[in-house]
Structure formats: C-alpha cells, structure tokens
Amino acid sequence: MKMKSFRKIAGVIMVVGLLTSAMPGDGVMTKNGKQVVINTTSLCTNVKGYIGTTPLKIYISNNKIEKIEALPNDETPKYFFKVKKQMLDKWNGLTVNKALKEKVDGVTGATLSSDCVKKNVVAGLQYYKKNK
C-alpha cells in the first residue's frame with residue numbers, strides 16, 4: 001500500500017517537474033505546445049508610454065513571431081488604437097533575430113506609446129532568446 005502511494009506521488013512530482021522546468025518561473029514566458037508566449041507586463045515595468053506601461057503578449061512558434069497582442073493599458077484609447085492598428089503586425093512572420101533588427105516606424109501623434117511598444121517588443125524578444 002505504501003509503495004503504491006509513493007509511486008503515485010513520485011509520478012506526480014515528475015510530471016510537474018517536466019512541465020515547469022522548461023520555462024522560467026517568473027510568469028513572463030509560457031509554453032502552449034510548440035507556441036511560446038512572452039508577456040511583457042512584469043518584464044517592462046519601467047518602460048512608460050504617454051500615461052503608463054503598454055504591456056504586450058508576443059506569440060512565437062518555430063522561432064517566428066505569429067502575432068503581437070496589446071494588453072490592457074492606460075494610454076489614450078484614440079491614439080493607442082492607431083498604434084495597435086498600424087504597428088503590431090509589422091513584426092508578424094519575422095524570425096526573432098530579424099524582428100530584433102527591424103526598424104518599425106512609430107505612429108504620428110502617438111510617439112511615446114509607439115516607442116514604448118517598440119521597447120516592449122525588443123525586451124520580450126531578448127528575453128525569449130535568453131530563456132528559450
């Protein structure tokens with residue numbers, strides 16, 4: 001009886017260890033199958049736009065960016081909508097290395113928000129390269 005319980009507990013510990021060992025434990029990077037998601041919320045707390053931070057989720061598969069998604073923020077909605085519409089897809093389909101070299105233009109009238117988004121992308125991709 002004791003041996004069966006021990007084996008079950010050992011099996012659970014082993015599975016949990018396998019699931020968590022591949023990703024750092026800071027909540028920045030998560031893995032869903034072959035897709036890795038970088039969340040810049042806690043990674044870029046010191047990167048400020050016009051009003052505050054502009055956290056992103058960066059979706060990466062096979063070392064290529066699938067999409068970048070803006071997370072809730074306090075930027076002026078009218079201007080940040082332009083940033084989302086005009087900037088976020090500029091990195092789609094690029095490898096991580098090419099994306100880090102890409103010179104994406106900011107949005108006129110939303111310069112601080114644009115710069116903040118670019119810094120979040122760079123920080124997220126650098127984090128991915130270091131921790132993949």
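User: In this predicted model, how does glutamate 69 count at 28% relative accessibility?

Analyst: Buried residues have under 20% relative accessible area and exposed ones over 50%. Glutamate 69 has 28% relative accessibility, so glutamate 69 counts as partly exposed.

User: With which residue does glutamate 69 form a salt bridge?

Analyst: A salt bridge requires a side-chain nitrogen of Lys or Arg within 4 Å of a carboxyl oxygen of Asp or Glu. For glutamate 69, the closest N and O atoms of the pair are 3.7 Å apart.

User: Which residue forms a salt bridge with lysine 118?

Analyst: The closest N and O atoms of this pair are 3.9 Å apart. Both residues lie in helix H4, three residues apart, about one turn of the helix. The partner of lysine 118 is aspartate 115.

User: Which strands stand at the edges of the sheet?

Analyst: Four strands form an open sheet with antiparallel pairing, in the order E1-E2-E3-E4. Each edge strand has a single partner strand, so one side of each is left without a neighbour in the sheet. The edge strands are E1 (29-32) and E4 (64-70).

User: At about what angle does helix H4 run to E3?

Analyst: Helix H4 comprises residues 111-131 and lies across E1, E2, E3 and E4. Relative to E3, helix H4 runs at about 45 degrees.

User: Is tyrosine 50 buried or exposed?

Analyst: Tyrosine 50 lies in the loop between strand E2 and strand E3. Its relative accessible area is 61%, and over 50% counts as exposed. Tyrosine 50 is therefore exposed.

Methods. Residues numbered from 1 in each chain as written. Predicted model: local features only at pLDDT ≥ 70, side-chain atom pairs only at ≥ 80, totals over all residues. Heavy atoms only, no water. Helix = DSSP H or I, 4+ residues; strand = E, 2+ residues; numbered from the N terminus. Buried < 20%, exposed > 50% of the residue type's maximum accessible area, 1.4 Å probe, protein only. Pairing = 2+ DSSP bridges. Contact = heavy atoms within 4.5 Å. Axes fitted to C-alpha atoms, helices over the stretch in contact; angles between N-to-C directions.
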